Amino acid sequence: MLNRRVMVTGLGAVSGLGLDVPAFWEALKAGRSAIKPFDLPIDNIKMSRIVTVPAYETNRYFSSEELTILDRFSQLAVIAAQEAVDDAGLVCGENILTDAAAIIGSGCGGKHTDEATYDQLYKQQRSRAHPLTIPKGMPSAAASMVSLHLGIKGPAFVLASACASGSHAIIQGMTMIQSGMIDVALVGASDAPFTYGLLKSWDALRVASADTCRPFCKDRSGLVLGEGAAMLVLESEEHAKQRGAHIYSEVIGCGMTSDAGHITRPDVFGITNAIKNALHHAEVNTDEVDYINAHGTATTANDIAETEAINQVFGAHAKDLAVSSTKSMHGHALGASSALELVAATLAIHHGIIPPTANFTEADEKCNLDYVPNIARQQPVNIALSNSFAFGGLNAVIALKKYT
Amino acid sequence: MMILDKVAEIIVETAGCKVEEVVPEAELSVLGVDSLKAITVLFELEEAFDIEIPNEVIPSIVTVNDILEKIAEIRQ
């Protein structure tokens, strides 16, 4: 069994903050939130705030033939994937990309396609379903379409763990590279949850803010749903160096746990162990960590549990850590959030700038950490963690390090 | 609208070929109708003509004319 070092050599991001990584990073640095009043042409929804990906010209990214089989979540995945491989200097048709893996997380899959068909069948009483419903809507469609679009012929699949889907996908790619199974993996996540049925279902959970997303604040009022996709090119150190690839950071470890507790309420014990496992796997001491990109949903349940877990794991060093939630800017894009947040953490290391927690007012009395309120901080980041704690108690933490 | 016109419209929309190519003797595969596009064409035909095209007749549909004949048969 090998234990190869794993590098991040390419980034792609589509979010409410823009259609690419430069737009994403500019907004994060400025502390600019994409949260806006609900403006989708869907009636009878209680949710009053939302984050949507800016309108884009589909023919800039896809052929008309591709478009017929692309659900929105696959479109976002392909746009981010193309940016990541371009950024890494990989070319469709060349062996490096042909042999790569494509491992993509998604919290909800091809819901636009499924719901359009269900609407026709159940509501409009039509007698037949559109024949492309299955290939467009299947949860694995994003991996298939990324593979098709980029000519990736290695292992490709979608995995689902709700809001941690991206982190689990990234960890899967990392371990496959570490073990020597593959040299290059395109990893990340995509989610496009703005359909009538899903929005009504989120309304029913009563966790959406009517104001904005203010993680860790006394007056926080819940999460704001978003959509988007983010992809990273991971590569073994040897492979990256051999081809002279630009290295953003190193993925040095991961921790994964399950709460085996409550279906929606986070568990401090499960979170604590996920963070501890990541530090152990990365062979890092608590006092070496500079920054945590928090799960930070701005729900009462998450923010207090996450803060408590960080205090438990880091002890006295917890006060010296910078902890921010970029969900305050790109919203909670479900599985895609965890991938967007790993891109944010990677860029924090790369640029030595910690993105803030936007919309910050006053900290909750049970939230006693340095949440980098509202203004980005120029500070060297050697080691960063990215936390993701999904509904259903599925926890994933990834450790990144500046590559030297 | 003639039946051929509607059939041609559906094939052009699905396969991206030129409308003048969709003549009765044209083979669907030559027009770019692969297996996935074929089920889309069948779906659109069923919707447009309010008919059911049974799976059994599909293997016998090779040309545009075969579609026209099947539609005529089914509508009788």
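Q: How many residues of chain B are in contact with chain A?
A: In this predicted model, 5 residues of chain B are in contact with 6 residues of chain A.

Q: And what sort of residues does chain B bring to that side, nonpolar, polar or charged?
A: The side of chain B that touches chain A has 2 nonpolar residues, 2 polar ones and 1 charged one.

Q: OK, chain B by itself then. How many helices and strands?
A: Chain B has 3 helices and 0 strands. Reading from the N terminus, the order of elements is α-α-α.

Q: Why would you call chain B compact?
A: Because its radius of gyration is 11 Å, close to the 11 Å the globule rule gives for 76 residues, chain B is as compact as a globular protein of that length. Its C-alpha atoms fill a box of roughly 30 × 25 × 20 Å along the principal axes.

Q: What percentage of chain B is buried?
A: Buried residues account for 24% of its 76 residues. As for contacts in chain B between residues at least 6 apart in sequence, 49% of them join residues at least 24 apart.

Q: What's chain A made of, in helices and strands?
A: Chain A has 15 helices and 14 strands. The box filled by its C-alpha atoms is roughly 65 × 50 × 40 Å along the principal axes.

Q: What radius of gyration does chain A have, and what would a compact globule have?
A: Chain A has 20 Å, which agrees with the radius near 22 Å that a compact globule of 404 residues would have.

Q: Now strand β7 of chain A. Why say it's largely enclosed?
A: Because 9 of the 9 residues of β7(A), residues 228-236, are buried, the strand is largely enclosed by the rest of the structure.

Q: Which residues sit on which side of β7(A)?
A: One side has Gly228(A), Ala230(A), Leu232(A), Leu234(A) and Ser236(A), and the other has Ala229(A), Met231(A), Val233(A) and Glu235(A). Both faces are covered.

Q: How many bridges join β1 to β7(A)?
A: There are 8 bridges between β1 (residues 6-14) of chain A and β7(A), and the two strands run antiparallel. Gly12(A) has Met231(A) in β7(A) as its bridge partner.

Q: And β6, parallel or antiparallel to β7(A)?
A: Antiparallel: β6 (residues 184-191) of chain A is joined to β7(A) by 8 bridges. Here Asp191(A) stands opposite Gly228(A) in β7(A).

Q: Let's do helix α1 of chain A. Which residues are buried?
A: In α1(A), residues 21-30, the buried ones are Val21(A), Phe24(A), Trp25(A), Ala27(A) and Leu28(A). Those buried residues fall within an arc of 165° when you look down the axis of α1(A), so they line one face of the helix.

Q: Why does that spacing work in a helix?
A: An α-helix has 3.6 residues a turn, so residues three or four places apart point the same way.

Q: What's exposed on the other side of α1(A)?
A: Pro22(A) and Glu26(A) are exposed there.

Q: And what covers the buried residues of α1(A)?
A: The cover includes β1, α4 (72-88), α14 (327-330) and α15 (335-351) of chain A.

Q: What's going on just after α1(A)?
A: Gly31(A) comes just after the helix and takes a positive phi of about 70°.

Notes. Residues are numbered from 1 along each chain as its sequence is written. Chains are lettered from A and ligands numbered from 1 in the order in which they are written. This is a predicted model: local features need pLDDT of at least 70, side-chain atom pairs count only at pLDDT 80 or more; totals for chains, interfaces and linings use all residues. Two residues are in contact if their C-beta atoms, placed from the backbone, lie within 7 Å. Ala, Val, Leu, Ile, Met, Phe, Trp, Tyr, Cys and Pro count as nonpolar, Asp, Glu, Lys and Arg as charged, and the others, Gly among them, as polar. Helices (H or I, at least four residues) and strands (E, at least two) are DSSP runs, numbered from the N terminus. The radius of gyration is taken over C-alpha atoms; the globule rule is 2.2 Å times the number of residues to the power 0.38. A residue is buried if 20 or more other C-beta atoms lie within 10 Å of its own, exposed if 12 or fewer, and partly exposed in between; C-beta atoms are placed from the backbone. Two strands pair if DSSP finds at least two bridges between them. The arc is that of the directions from the helix axis to the C-beta atoms.
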